[in-house]
Amino acid sequence: NWVPEWELSHCLPAAYEHWKISRRVAWTMWEMDSVPDGSRLSEKAPFGDWPALINKHTERLIVPCRHNAEVFANCGVTKPITTIPYGLDTELWPYYERPERDIFTVVLFGDLTVRKGPKEAFQAFQTAFRHQDDVRLILKSQHLHFGLGASMPATGDPRVSFINAAWTRAQLVEFLHGADAFIWPSRGEGFGLPPLQAALTGLPVAMTTHTGMAE
């Protein structure tokens, strides 16, 4: 069997041990101020010791933001670290001149686990528009990930709706073109593409600006 001399590994470092490659460049990210070090290893979260795996099995690490470069270095990665921010094709996320509409629509989309802050988005919406009927909030996730419970949450607010579906890019673009603002209260990101995707279409974005999102 032919084995390539080089590999760009865009995966979790725990997979490096399974594929024996002569020369490997790792490409990954993390969302917090410390990376997995093996102490939290379990059947549910088989992360392993990332610094040890990167140092042993790679020649270089690529991360998408300066925050990640600092975190991996501080946590023990001794291999060279290169920062390459993610980019987006403006033709795939086209700008849209939105008309003035009777209902002001705020949206949030992504894999809305607790870390993404869907509960905080809901609370912020209710605080900002407590007595207004001409606004609505749409939270779009998939796999029933809403960070509010194990299933579709019941908010008691008729202005708030939830979408649980895997969409194509074209569907997401149409979704953003139908919105008037985007909210992104994430607790931490390796980069955070959805607010950039929303901004490219011309949406005003309210977001947190720490970790990878500061990039």
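Predicted model: local features only at pLDDT ≥ 70, side-chain atom pairs only at ≥ 80, totals over all residues.
Residues are numbered from 1 along each chain as its sequence is written, and side-chain values use heavy atoms, with hydrogens and water left out.

**Helix 5.** I looked up helix 5, residues 193-200, where helices (H or I, at least four residues) and strands (E, at least two) are DSSP runs numbered from the N terminus. Its buried residues are Pro194, Pro195, Gln197 and Ala198, with buried meaning under 20% relative accessible area, exposed over 50% and partly exposed in between (1.4 Å probe, protein chains only). What covers them includes strand 5 (104-109), helix 4 (169-177), strand 8 (181-184) and strand 9 (205-207), contact meaning heavy atoms within 4.5 Å.

**Leucine 53.** I found leucine 53 in helix 1 (residues 50-57), buried at a relative accessible area of 9%. Not counting residues up to four places away in sequence, leucine 53 touches Pro13, Ala14, Tyr16, Glu17, Phe47 and Thr58.

**Salt bridges.** I took a salt bridge as a side-chain nitrogen of Lys or Arg within 4 Å of a carboxyl oxygen of Asp or Glu, and the count comes to 9. Glutamate 59 pairs with arginine 23, their closest N and O atoms being 2.8 Å apart; glutamate 59 lies in the loop between helix 1 and strand 3 (60-63) and arginine 23 in strand 2 (residues 23-27), so the pair ties together parts 36 residues apart in sequence. I also noted the salt bridge between glutamate 189 and lysine 116 (3.0 Å, N to O), in which both residues are buried.
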